[in-house]
Each structure stands twice: as structure tokens, then as C-alpha cells.
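User: I am new to this structure. Please take me through a few of the terms used for it.

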Amino acid sequence: MPAGFPASAPLVRQAGTRAGRLCQALVTRVDAVEAGRLAENVTQAIGTRLWQEQVLGAADSVIAGQWRERELSRPVDPQAGPGVRVVLLRYTDGPADLIVVAHRSVADPCSLLRAVLTGESMAAARPDTGLLQRLQDGLARLDRAEAPDWGLGRPGADAIGSRSFPVPPTGDAPATDAAIGVLLTAALGLALARCTGAERVSVGQDPVHSAEFGCAASTPVASYLDEVRLACERPSSDAVPVVGLTVSATRPFPDPVHPMSICVDDPGGSLTGPLQGVCWFRHSAFDPAVVERFAGMLGTAYRSLAAAGPDQPIGELALFDRGQLAELAELGGLGRPLPAPTAGRRIEDLVRAQAEHRPDAVAVSFQRRQLTYRELDERANQAAHALQAAGIGAGDRVGVCLKRSLDLVVMLLAVLKTGAAYLPMDAGYPDDRLSFTATDAQLPLVITDRERFPRLAGVRLLAPQDLQATAWPVSAPFQDGGGDDPAYVIYTSGSTGRPKGVVVSHRNVLSLLGATIDDFALTGSDVWTLFHSSAFDFSVWEIWGCLSTGGRLVMVSHWTARDPQRFAELLHAERVSVLNQTPSAFSQLSEVDRQQPLPDSLRLVVFGGEPLDTRPLLSWFDRHPESRCRLVNMFGITETTVHVTAQTLGRGEALTGSRSVGRPLPGWHVSVHDPDGRPVPPGVSGEIYVGGAGVAAGYLNRPELTAQRFVADPHAAGPRYRSGDRGRLLPDGRLEHLGRLDNQVKLRGFRIELDEIRARLLDAPGVGAAAVLLRQDGTDAATARLDGYVVLSGGGSVEQVREHAARFLPEHMVPSTLTALPALPLTPNGKLDQARLPEPITATALDGDLAGEGGQDLEAKLHAVWQQVFGFRVGFDDDFFTLGGNSLLGVQLFAAMRAAGLPTPPLRQLYLNRTVRGLAAVLKQG
């Protein structure tokens, strides 16, 4: 076997011609005697000349390596000249290198080399025209195939890179080229299966043939190797492989054949020492860092296969060694310590510190009322004493169901001061939802201003005024609590139809604040808004992020939060500097900003709650330079304390439509895993796991679900959370969020389990089957809606089903449309075929005859605007929200009304007058 040479190519070079991908090359060392007779042998054996070059350097010099690489990389093209080239490089210290390059349609270089060295004549080196066509067709198929998404290549890049890697000896390595080839192909199959998630993979053998075989995790090693061996012996020509592998002493190509072409050589020729591998790759398909990690994974898989027992399932084989796992963990943020801890063990300690430091600064304001930090602290102390007198203390949970007011913040703080945890409940939730939450959480007491909160056995109801009598002292109450105590419990949607409570500790929240205060430069001069419901964990960040740093918290009324124009006016009036928004809400605020720019006081906008489409932000950057207002996209989960990662956004992210949510916060770390829980390399998508300082204690009273979702962390103390979100790590450590793996969706900031809604629909009398979908028109978040489908098997009506759902589900979880079907469409496997579920309302072309009842009066004009906004015919008495409307679409409706010259009342009137006829009556009254 001719001796091979390590590649000495530069790491990056420009791609060559197609002919270069259809050539093979080899190099072998000859002495001076052999070199002297080669010219005659070349002419005699293959009928061509020997090209000779004198290299001014020794055989092991840098310049010698450069000459070798140049000659090995120069292709030949039988359609433009000879299909063979033989070159002799002579060095100053005596040895010489013989290089043979041959087009695959002419001959293989090993046969040519044998003829050259022996002088034996072989057939004329002419191309096989049939083989040439098949080779060219094979390359065309490869070039038409899409680059793998896990490769993270740069489309359009024409550079070629290389990465060398050793394939270490296994101790009992096979003794033949073929056996090594099978083992390496099998190892490559395991690596490809981990990257693609497929149970069948294809490994290229040349431009025409590939080895196809299965990689099911349960397959025993012996059976797997047998299948790979058979696939190598009987190659297929059907698949279009991403990666090709050659085990040979030849350089298999001057230019890579496949998007990634792996050449494994045996430099020593003994088959027992380390093998030398080179990954050649196209930058258009693969990022260099991805290739480097892939090569490491290939080497580990090779060792694991060689050492495995014949009956061991291949899914149990390690593809990352201990060092590689540590590198992956570090890439995901492990080891980034939290900044200096905040001053205090608990949330109320931070607020009390602000009250002591700046007692007369305004802490909270709502409409024309406000509280200073001293007043906030003292009123919370009074309420805490009253709660303690009512029997509340450490370890308890207290429900807080209040409308937006100063009392809301006072009561949340008061509960914490008793050592108990607060459980926020939205006052707009239906009675059944409130009853379930209070009962499931075993609440002894609920603080509420709701007129008719459900009466439950063992649950005491108190109003805020009951807890703020002047008789109670203003001094801080005694409590025996620590940082690991629960601070709050927030209920999220549940896949079984049961919402689940997430228990979050003071330490979790203080870690979040410590990880962000310096980066976001949060100070007492900031003005925040409390825009979101207290039952949405974004409010945790808004309330305590502001009050722990001495800022002023501006509470946003229910109606102002639903009217972007009024909200923009509030931002101006209050000189808000820190704004937190879901992308859906911000898209409407951004539309207002086009007409009337938001205040220059705004310096930080934090996005969260749902995926962000960065492309529409380009117009924002036109109006607001990045240097003046920082936009940050944060990925987070209730179970990991609001936020996990942070990505500062700029024009570059908007131009590329970046889906990056940034790197983990200090103290947090993330990793990505396949469905079997095994780690995957950067670039490969899978389930996001989150570990570190923000991981909550688990689910309230749900030990089995807690054990399922909060799993052991092999790299750090404490558990890590299986998020159910799909994402991938980038080679620079940033995380891309790619949506949900299960049936969970985000709608206007709320995390919703579609199965919970489906379960409620199935509970309705007469419903035999049900399905729920989230639909949206393009990237316009305002059009997002839930569409429900039911099969009525025992009488009843769609409206009765809707009424049933509304009794149990919050408003944002009630389907916007409900459609009755004779049966749900199914796939051949018996699963719901979502693609075949019909649109709930068939759009009709507007024929212009919109006079309807009342002629072309105000009511008819309003009717025309409604139809323009919805895009289908609506009735004068159709309910706006039953048609699929929501608050964001309501904003669009009012904008269309203004454009049509119609008066526009406050958005609240749409909630009170939900039909064309009803709203027109309001407009007529002026």
C-alpha cells in the first residue's frame, strides 16, 4: 500500500471545478533510483508524459508540503484534455514524490501507479462515456439537494475548508482496509443519525453510490455492523447523501464530492496505529465549528463501536467522551457564575432596603395615585400583621385575586413579609378556573376585590381594606423564612386538562435579578410599566425588577393595556424608560410609533412570552437608533424563573430574521437533547434543557410530573428542566428557539396547552370528538386565533359547547371559532390530520353591495369596514369575538375606521358593544 501524507492544505480555499470533484489522486515516496526510470515507465505504461519539478526544499519542508498539496488538488478533465496526470516532485535531500491524478471515468490511480512503478502496459487511458455521464448526473443530484439545516452553512459561500482529526487505535482494530471501512461507516452512521434524528442514513461512497442502512437505537451492535457491511458491499444509487467517506491511501478528490467528504488514511500502513482523517467541507453547507465537533463525535463513535459487546444496543453507545461533554456544557453556559449576590436573602429584603435608602422616592403609581417606598413598605407591613393575625405564616400559600391597583403590589409584598408564598389569579378568570386553582393549591385564604369570588369550603376571603386597618403596626412583622422558601406559585396550562402550579423560590428570583441588573444598567432613575397580568410570570420581572432596583413602577390599567394609542400616550406622560412586551403587543405599539414616535426616555425594551419575528424590527431601527434604545429578546419559562437567555437585537438580526434568543444568563445553562435524552452537537435541533439558578422547585402536589420534567443535572447541583421547547445551540454558544415540540403554543404571551382546551371541549355534553388549532395569517401576530372543532354525537349545539368552555377556561383560551364536523379527518395511521381541518369560515369576495340594512348610512359604512378587516362576509349582529376577533385585531379595526372617516370611540366600547349594530349605535350617540 502506498504511504499516505497528512493534508497540508490551508484551512480555507476557493472551490474548484466540477471536474475536480470527479478526480482521484494519490502520492507515494520514491527514492532516486526509482525516480530515474519513471519517465520511460509512464510513457510505456499509459502513453503519456511524466511532469517533473525540482522543489527547492527538503522532503519534509513546508514548501514541499505546499507543492504536494498543489499537485494533488489540480484536477484533470477528459473532455478538455488527458484524463490522467503523473507528476514527480524532486527534493534537495534526495527523495521524490510521485503523484498520480486520474479522472474517475478513466482509471483509478492505484492501477495507474502500479503500472507506472512496474512499467507494465495497461489499456489506453480513455474515458468511459457511460460512466462519465453517470458521474456527472450524480454530482448534479448532490448539488440540487438542500444543505442540511444542522450544518449551519452560509448559502452562496464558495470556499472549501478542511479539518484534520485522528481516529485513535482501539487496541483490537480490524486488520483489513475493508473491516476498518465498515467500522468507520458504522460510526459515521451513528453520528449522522444523532444529527438528523433519522433512523436510516446514507453515507456516500463515490458520486454515484452510497451505503444506506438503519440506525434504530434498539439495534444490537453485531446486527448493526452486519447491516452496514452488507450496505457497503451492495451500494445503492437512490439516496443523495450529505456526507461521503473514503478509507484509502489515495487522496480521493482534488475537491470534495459531497457537502462534507471525509477521507481516512493509514499513514503508517500498519492498520494498527492511529488513522489520519480529514474532513473536507463546503462553507455553503457547513460551519467550520460544526465540522470540528462532528469529527470529534465520529472518533468517539468509532471507539465506542470497537469496544462494544455484540448485544449492546447502539443507542447506548457514547458519541461524546467526557471532555467533549464538558465542552458542550461549557458552550451552553455552564460555569458562568452569577454576579455578586443582591443585598438580601428574600424579595422583601430588597424592597425594604430601597425604603430605607430612598424612602420618599415614588415606588408605584396608578392613574393619579402613588406610593413612596416608605408608604409601600409600611402599608405592606400593616397588611402582613393582619395576615399573620389571620393565621398566615411561613409555608402557607395565599391567593391574590385583585384588579390592577396600588393594592395589588401592596398585597403581594405583604404576603411575602409573612413568610408565605403568593398565588396570583387574574380577576377576569372564570369561576371554575378560580375554584380549581384555589382548591388544588389548598389555599387557606384569598385576598380579592372580586365581587363574586367562588365560595369554597375552608377558603377565607378578605378584601384589601380588611388588611389595612390603621390599628396594625407599620413596623416589619417577624418571620422565620429563608431564600429557599417559595416566593410565589403560578399556574400554567396543563396537557391533561389540569393546570399545574409552578413553585418558585426567593433564591430563584434573586438570582434572576442578580444576573440582569448590571447588564441592563437598572437603577433608581428607571421608570417601568406593569403591563401584564399578575398571573403571567412576566409580571414577576416587571414588579420585582423595578422595585428591587429603586425604580418607579407605573401600573397600566386593563383598558389602556388593550389600546396601543392610549398606552403610547401613557409612555410619553410617565417618561417610561424600561418597557417589557410580548411581540404581539409590541407589533401594535410599533404601528402607533410610526405616526407618533415613542418617547426618547425609552432606553430598554425586553421581549418575552412568545417567539419573536425580528424582520419587522427594521422599520423600528430606522426611527430609533440602536445606540439610544436597546432591544433584548429573552427566552424564558415559568419553571425556570421568567428568563433564561438574552439576545441584544440590532439591524443585523432584523436583516437576517435571526431566531437567536442569545446566551444563557450568568448562573443558567442550557443543553439540547434528542427524543431519547441524549445530547446533540451544536447546529442540531432537539429539546431544550435548562439548568442552573433559575430552575424552580417543581410542580405543586404533582410529584410524578415533577419527576418527569425536572431531571438530574450531570454537570451541576440541582435539577434541570425539560422545557418541551425545540431549539439548537449555535457554535458561538447562542441558542436558537425553534418552537414547541408538543402541543403547546404561545398566544399573545400566554403559554397554552391545546390539549387542555381540547379536554374541556370533550367534557361538554354531546361532544364525541374535538380538536384545537392555532392559526395565524403570515407573520401578523394580530391575526393569531384558536380554532376549535367538535363532533356532536348526542345533540347539543356549538354555542352550548362554547358556553361550557367559557365556564372553565380563561378568555384567552376559549377558541375564537368553533366548527361542527361530521367526523375529524384522520391520517392513514389513525392520527388527526390537521392539514385537512377546514377553515372555520370560508372567505368570500366582497361584491361591493354592502348597503345591507339602512343604506349607505353610518351603520352600513361600519359594516363594510368590519368585512374589510375580517376578509369575509359578516352579519350586522355577529359578535366581533365570536368571529375570531381579539384585542389586537380590534386595534386594526379602529385604524380602518379612522381611515374610512368614521369616528373611533375608546377601544373599551368594542368589548361592551361587540356587533356592527351595537357599535354603530354608540357612534351615532357621539
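Analyst: Start with pairing. Two strands count as paired if DSSP finds at least two bridges between them. The model here is predicted.

User: What makes S2 and strand S5 a pair?

Analyst: The cut-off is at least two bridges. S2 and S5 (residues 96-103) have eight bridges, in the antiparallel sense. Therefore they pair.

User: Which sheet holds these strands, and in what order?

Analyst: Four strands form an open sheet, ordered S2-S5-S4-S3, with mixed pairing. Neighbouring strands in this sheet are turned against each other by 20° on average, direction ignored.

User: Why are strand S2 and strand S3 called edge strands?

Analyst: S2 (23-30) and S3 (50-54) each pair on one side only. That makes them the edge strands.

User: Now helix H28. Which of its residues are buried?

Analyst: Buried means under 20% relative accessible area. In H28 (residues 916-925), Val-916, Leu-919, Ala-920, Val-922 and Leu-923 are buried.

User: How do you know that they line one face of the helix?

Analyst: Look down the axis of H28. The buried residues fall within an arc of 155°, so they line one face. On the other side, Lys-924 and Gln-925 are exposed. Exposed means over 50% relative accessible area.

User: What covers the buried residues of H28?

Analyst: The cover includes helix H25 (858-870), helix H26 (887-899) and helix H27 (908-912).

Methods. Residues are numbered from 1 along each chain as its sequence is written. This is a predicted model: local features need pLDDT of at least 70, side-chain atom pairs count only at pLDDT 80 or more; totals for chains, interfaces and linings use all residues. Side-chain values use heavy atoms; hydrogens and water are left out. Buried means under 20% relative accessible area, exposed over 50%, partly exposed in between (1.4 Å probe, protein chains only). Helices (H or I, at least four residues) and strands (E, at least two) are DSSP runs, numbered from the N terminus. The arc is that of the directions from the helix axis to the C-beta atoms. Contact means heavy atoms within 4.5 Å. Axes are lines fitted to C-alpha atoms, for helices over the stretch in contact, and angles run from 0 to 180 degrees between N-to-C directions.
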